[in-house]
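Visitor: Could you pick one part of this model and take me through it closely? I'd like to start from a single spot and see what surrounds it.

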Amino acid sequence: MAASNALYTILTEKINQDTLVLPTLPEVALKVRAAADDPEINLSQMSDIIAQDPALSLGMLKVANSAILGRSVKVETVPQAVTRIGLQQIKSIATAMALEQVFVSDNDIVKLYMKKSWAKTIDIASVAISLMTLYLKENKRTSLSLDTITLAALVHNIGVLPILTEAENHPDVFANPTFLQQAIIKLSGRIGGAITRAWGFSDEFTLLAESWSDLTILPNEVHYLDFIRAGAIYHDVFKNETTKEALLANYTKKGILPEIDYMQCDEFSAMCAEVKTMFT
């Protein structure tokens, strides 16, 4: 248990002293976000920025051609993709598409953990996006949006990155994953909040990163937290059966789920699999 305590103590001290090294957004995401905030930007200029990054260009094409946008005519160029997605949504979508570049490490063990963490993030995001897509079809006047849940779901667990990086100095932690998981459970929300603030995200994203796993925070109205937590339930992140049943009942009451066991149906599984192709 010494390794776990040492890691926890070091992380806590660095958080309190504001010396924890936080990941930075990929350069292309910074450029897109800055351009999106420029009132003079146009679709052509935004397309040029995105086209500079092959991975982001491919991601944008996948999003533009995805079922969630409900278009049957396939787009084949970045300008077409940007036009279909729209400048209003491009900031969140481009940031979301670039996030995979943050989950990297030169250390083989850390790299493996980061790969698993990103895979789990995509799994949860695919469920959250699928549910939001269904919810928006039935609730046209809601302020919730697909681009926001896409970014929120992909950033919700970003706090694990500095923990994994710091754990690299404590090999015993990786030898016993339980130690590492305890540090993640205790600190990832707080660190995630620090990262989203450092990246200049809105308070809404900070709340999501800090609180998605804190089930004492239960919004009365339909909230982005609900969709992320539904994804966590689907992928067995929450272990307590009574808690899961209570959350699912609440989401059914709110109209997020058509019925309490909806996520078990083949139709929903197929939809999640299709959404997941945007990120793989």
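Guide: Let's start with Val21, which counts as exposed because its relative accessibility is 70%, and the cut-off for that label is over 50%. This is a predicted model, by the way. Val21 is in the loop that runs between helix H1 (2-16) and H2. Its C-alpha lies 9.0 Å from that of Glu166, even though the two are 145 residues apart in sequence.

Helix H2 (residues 27-36) packs with helix H6 (residues 87-98) at an angle of about 175°, and the two axes are 9 Å apart. H2 and H6 are therefore roughly antiparallel, since angles over 145 degrees get that label. Now for who touches whom. An α-helix has 3.6 residues a turn, so residues three or four places apart point the same way. On the H2 side, the contact is made by Val28, Ala29, Val32, Arg33 and Ala36. Facing them from H6 are Ile90, Lys91, Ala94, Thr95 and Ala98. By type, the residues of this H2 and H6 contact split into seven nonpolar, one polar and two charged.

Both of these helices also meet H8. Helix H8 (residues 146-155) is mostly covered, with ten of its ten residues buried. Among them are Leu146, Ile149, Leu151, Leu154 and Val155, and also Asp147, Thr148 and Thr150. The partners that the buried residues of H8 pack against are H2, H6, H7, helix H11 (177-198), helix H12 (203-211) and H13.

The structure has eight aromatic pairs, one of which is Tyr135 with Phe227: edge-to-face, 5.8 Å between centres and 70° between planes. Tyr135 belongs to helix H7 (residues 108-138) and Phe227 to helix H13 (residues 224-234), so this pair ties together distant parts of the chain, 92 residues apart. Tyr135 and Phe227 are both buried.

Trp199, Phe201 and Phe205 make up one aromatic cluster. There are charges over rings as well: Lys186 has its charged end over the ring of Tyr8, 4.9 Å from the centre, and Lys116 lies over the face of Tyr113, at 6.0 Å from the ring centre.

Note on methods: Residues numbered from 1 in each chain as written. Predicted model: local features only at pLDDT ≥ 70, side-chain atom pairs only at ≥ 80, totals over all residues. Heavy atoms only, no water. Axes fitted to C-alpha atoms, helices over the stretch in contact; angles between N-to-C directions. Helix = DSSP H or I, 4+ residues; strand = E, 2+ residues; numbered from the N terminus. Parallel < 35°, antiparallel > 145°, perpendicular 65-115°, else oblique. Contact = heavy atoms within 4.5 Å. Nonpolar A, V, L, I, M, F, W, Y, C, P; charged D, E, K, R; others polar. Phe/Tyr/Trp six-rings, centres within 6.5 Å; stacked < 30°, edge-to-face > 60°. Buried < 20%, exposed > 50% of the residue type's maximum accessible area, 1.4 Å probe, protein only. Lys NZ or Arg CZ within 6 Å of the ring centre and 35° of its normal.
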